[in-house]
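Biologist: I have a structure to go through with you. Can we take it piece by piece?

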Amino acid sequence: MAKFKDYNATEAAGLAPDQGAGVADRSIGSIIAETRNLSTDQVEKVLAHQKAKGVRFGEAAVALGYASTDDVLFALSQQFHYPYAAEGNRKANPELVALNQPFGVQAESFRAIRSQIMMRLFNEGQERRAIAVVSPDSGDGKTYFAANLAVTLAQLGGRTLLVDADLRGPRQHAVFGIDNSAGLSGILSGRAESKVIQQVAGVPSLFVLPVGITPPNPLELVERPAFGLLVRELLSKFDHVVVDTPAAQYGSDSAVIAARCGAALVVARQGRSQVLSLQDLVANLAETPAKLAGVIFNEF
């Protein structure tokens, strides 16, 4: 059995406790100039246009063709410490709509769901819980949903950890483009793993614990007391913990994980999920200690 008394999530991530917490304030102009690699002459032309037209630096840079509207949005996100993927990084992680398109319809939907979750699970005085994201069937969008929910929680500024506990078909490492050589399966099987928690590039407050090697005994691993001990330890180190799970069609893994986490959020796909499967999943969760935070119908 894995021992957790010396386990430190911050150290496992390879970070000092306050690393990434403070970001120096910078002007929009300096951010755009750095992003677009503007020369001193170009910056002076932008400043002259800004003064002559009475507009902001970003508007002047766009008007002169030295920057795009996207560059201005990116600069604003940096100035207000709001994680936003630069245009060149979006193709690598297309599913992360809350990071790639934070002002779009899908991202706004995730923020609305985040607000509901905050009101239902994170009121002052309530017991700390991790959120297990569960679904009846494969293809319901559970991994996509868990990833973007974690991004929107991190955008609040609190330290957020996304745990990939789908030991049957893990995908979070691919979604975020991180190393998957070691992770949750190694911890639960008692192997000595180091720096398994990885910080997401460009999002200082978001971390991911991947699965690592896909094990032959996934249900047995999450049923061990070690998993519950790990969840409690992670809750003491992070403000929010989101846990991806296998689809319920593969077994009882998701219900077991939800029980250890303390809360569950059910994701079903609009126009695809069967009502009977959804009812069975909700009924199974009702028999666990997990609090059902809600049922989400994925339209995307």
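Biologist: Which residue stands opposite lysine 291 in E7?
Modeller: Alanine 263 does. Keep in mind that this is a predicted model.

Biologist: How many bridges join E6 to E7, and which way do they run?
Modeller: Seven bridges join them, and the two strands run parallel.

Biologist: What holds paired strands together in general?
Modeller: Strands of a sheet pair through backbone hydrogen bonds.

Biologist: And E6 with E1, parallel or antiparallel?
Modeller: Parallel, over five bridges. Alanine 130 has glycine 262 in E6 as its bridge partner.

Biologist: Is E6 mostly covered or mostly open?
Modeller: Mostly covered. Seven of the eight residues in E6 are buried.

Biologist: Zoom out. What is the strand order in the sheet?
Modeller: E3-E4-E2-E5-E1-E6-E7. The sheet is open, has seven strands and shows mixed pairing. Strand E3 (198–199) and E7 are the edge strands, each pairing on one side only.

Biologist: What about E2 and E5, how do they pair?
Modeller: In the parallel sense, over five bridges. E2 covers residues 160–164 and E5 covers residues 240–244. Leucine 161 has valine 241 in E5 as its bridge partner.

Biologist: Which strands does H13 lie across?
Modeller: Strand E1 (130–134), E5 and strand E6 (262–269). H13 runs at about 140 degrees to E6.

Biologist: Which residues does serine 254 touch?
Modeller: Val134, Thr245, Pro246, Ala248 and Leu281. That leaves out residues up to four places away in sequence.

Biologist: Why does phenylalanine 297 count as partly exposed?
Modeller: Because its relative accessible area is 45%, and partly exposed runs between under 20% for buried and over 50% for exposed.

Biologist: New topic, charges. How many salt bridges are there?
Modeller: Six. One of them joins lysine 142 and aspartate 166, with the closest N and O atoms 3.9 Å apart.

Biologist: Where do those two sit in the chain?
Modeller: Lysine 142 is in helix H8 (residues 142–154). Aspartate 166 is in the loop between E2 and H9. They are 24 residues apart, and the pair links distant parts of the chain.

Biologist: Are they buried or exposed?
Modeller: Both lysine 142 and aspartate 166 are buried.

Biologist: What does glutamate 95 form a salt bridge with?
Modeller: Arginine 171, with the closest N and O atoms 2.9 Å apart. Glutamate 95 lies in the loop between helix H5 (69–79) and helix H6 (97–100), and arginine 171 in the loop between E2 and helix H9 (172–176), so the pair ties together parts that are 76 residues apart in sequence.

Biologist: How accessible are glutamate 95 and arginine 171?
Modeller: Both are partly exposed. Glutamate 95 is at 26% relative accessibility, and arginine 171 is at 34%.

Biologist: What about lysine 45, which residue does it form a salt bridge with?
Modeller: Aspartate 41, with the closest N and O atoms 3.5 Å apart. Both lie in helix H3, four residues apart, about one turn of the helix.

Biologist: Why does that spacing matter for direction in a helix?
Modeller: An α-helix has 3.6 residues a turn, so residues three or four places apart point the same way.

Biologist: How accessible are lysine 45 and aspartate 41?
Modeller: Lysine 45 is partly exposed at 43%. Aspartate 41 is partly exposed, also with 43%.

Biologist: Last one, asparagine 37. Where is it found?
Modeller: In the loop between helix H2 (28–35) and helix H3 (40–53). Asparagine 37 is exposed, with a relative accessible area of 68%.

Biologist: And which residues of H2 are buried?
Modeller: Ile28, Gly29, Ile31, Ile32 and Ala33.

How values were computed:
Residues are numbered from 1 along each chain as its sequence is written. This is a predicted model: local features need pLDDT of at least 70, side-chain atom pairs count only at pLDDT 80 or more; totals for chains, interfaces and linings use all residues. Side-chain values use heavy atoms; hydrogens and water are left out. Buried means under 20% relative accessible area, exposed over 50%, partly exposed in between (1.4 Å probe, protein chains only). Contact means heavy atoms within 4.5 Å. Two strands pair if DSSP finds at least two bridges between them. Axes are lines fitted to C-alpha atoms, for helices over the stretch in contact, and angles run from 0 to 180 degrees between N-to-C directions. A salt bridge is a side-chain nitrogen of Lys or Arg within 4 Å of a carboxyl oxygen of Asp or Glu.
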